[in-house]
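Welcome to this short briefing on a protein model. Have the structure open beside you as you read, and look up each residue as it comes up.

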Amino acid sequence: MIEFKNVYKKYENNDNTAINDLNLQIQDGDFFVLVGPSGSGKTTTLKMINRLIKQTSGDITIDGKNIDDFDLREMRLQMGYVLQNIALFPNMTIEDNITIQPESLKWSKEKRHKVALDLLSKVGLDPEKYAKRLPRELSGGEQQRVGIVRALASNPKIVLMDEPFSALDPISRNQLQELVLKLHQEMKMTFIFVTHDMNEAVRLGNTIAIMRLGHLEQIGTRDEIVHNPKNKFVNGFFKNQQNDDKKLKLIIDSQKCQEVDKQTPDLTEEDNISDLASLLRSQEFALVQSADGKIWKLTTQSLLNYLSRDGE
Ligand code: ADP
Ligand code: MG
């Protein structure tokens, strides 16, 4: 577990307090998303975890041990870091870029080679084609796949990602979101992901922490945040996604929903999305009848998928 206790950060050349009494816990294996507007302190928070930035006061611990008590080099090797700007080394092949950390860990050449090829396949880049290429021979989306793979190569416990997809086009962003979800399920590391995009946060996060002016506005599971936004600020983040007066037909038409045998429906497709949301607070799924008489099983997942859809 990573824990922040009463953490403050004030930059020397800046009168404002960047981080203002931050308290939070990140559980092992979580997909933790830190979301908030620009300047709210997300990057500062992330960089304090791997000690790229030192807090002014307060404690940060990993499994109860103060991060200052870890050997810095060893600690960094236990943490993958993915940046918004991909920052691959331009004169090194893709394979060599991926195996930078394994090399510092003195893994054998064979082991490094195997890891690079395995990871490239995992993210849909044919190793035969890509391993020996240089970064400039890849598209932006492909380079960011390599950026992610590089952060995972030494099998770290914690992976930090700072707005890794914000420079990509919507289609690549969509594919890479799917990809990090898949990698998180397979590799069971703690992912800490920073974004200013609430759609992305809801799509990815298991736990979502909403940041504003250097402190947490709300933290909870994504269902808690979606169903019970705590105040106007959090709610405002969802404004474009409120869909209160939209019909359930939209979900049925746009999402893969499960059809079930005839049972008494809870709602019809002409009911509103907000009706579904309230129903899902007290039951696991709702049965919704479409105009053709079919009955569909809609879950919180269907609702979230609809709310976090791209391009609208
Ligand atoms: P975010 O990542 O959410 O956009 P940051 O953590 O980068 O926010 O910044 C938080 C606050 O700290 C902002 O007000 C920003 O201007 C300030 N800040 C960030 N880095 C520095 C720095 N190196 N020197 C002075 N102020 C900084
Ligand atoms: Mg930032």
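Predicted model: local features only at pLDDT ≥ 70, side-chain atom pairs only at ≥ 80, totals over all residues.

Which residue lies over the face of W107? It is K111, at 4.0 Å from the ring centre.

**Charges over rings**

- Start with K111, which sits over the face of the W107 ring, 4.0 Å from its centre.

**Salt bridges**

- The structure holds eight salt bridges, and here we visit some of them.
- One of them joins the side chains of D68 and K54, with N to O at 3.1 Å. This pair links distant parts of the chain, 14 residues apart: D68 is in the loop between β5 (65-66) and α2 (72-77), while K54 is in the loop between α1 (42-49) and β4 (57-62).
- How accessible are these two partners? D68 has a relative accessible area of 34%, so it counts as partly exposed. K54 has 48%, and so K54 is partly exposed as well.
- D118 and K114 form another salt bridge, and their closest N and O atoms are 2.8 Å apart. Both residues lie in helix α5 (residues 109-122), four residues apart, which is about one turn of the helix.
- Within this pair, D118 is partly exposed because its relative accessible area is 40%. K114, at 53% relative accessibility, counts as exposed, because the cut-off for exposed is over 50%.
- Now look at helix α12 (residues 249-254), which holds both K249 and D253, four residues apart, about one turn of the helix. These two form a salt bridge, with 2.8 Å between the closest N and O atoms.
- K249 counts as partly exposed, at 33% relative accessibility, whereas D253 counts as exposed, at 54%.

**Aromatic rings**

- How many aromatic pairs does a search of the whole structure find? The search finds three.
- In one of them, the ring centres of F31 and F191 are 5.4 Å apart and the planes stand at 65 degrees, so this pair is edge-to-face.
- F31 lies in strand β3 (residues 31-35) and F191 in strand β8 (residues 190-195), so the pair ties together parts that are 160 residues apart in sequence. Both F31 and F191 are buried.
- Another pair is F165 and F193, whose ring centres are 5.7 Å apart with planes at 55 degrees, so the pair is tilted. This pair also links distant parts of the chain, 28 residues apart: F165 is in the loop between β7 (158-162) and α8 (170-187), and F193 is in strand β8.
- Are F165 and F193 buried or exposed? F165 is buried, with a relative accessible area of 0%, and F193 counts as buried, also at 0%.
- Putting these rings together, ring pairs link F31, F165, F191 and F193 into a cluster.

**A four-stranded sheet**

- Look for an open sheet of four strands in the order β11-β14-β13-β12, with mixed pairing. Its edge strands are β11 (258-260) and β12 (267-268), each of which pairs on one side only.
- Strand β12 runs parallel to strand β13 (residues 285-289), and two bridges join them.
- In general, strands of a sheet pair through backbone hydrogen bonds, either parallel or antiparallel.

Terms used. Residues numbered from 1 in each chain as written. Chains lettered and ligands numbered in written order. Heavy atoms only, no water. Salt bridge = Lys/Arg side-chain N within 4 Å of Asp/Glu carboxyl O. Buried < 20%, exposed > 50% of the residue type's maximum accessible area, 1.4 Å probe, protein only. Pairing = 2+ DSSP bridges. Phe/Tyr/Trp six-rings, centres within 6.5 Å; stacked < 30°, edge-to-face > 60°. Lys NZ or Arg CZ within 6 Å of the ring centre and 35° of its normal.
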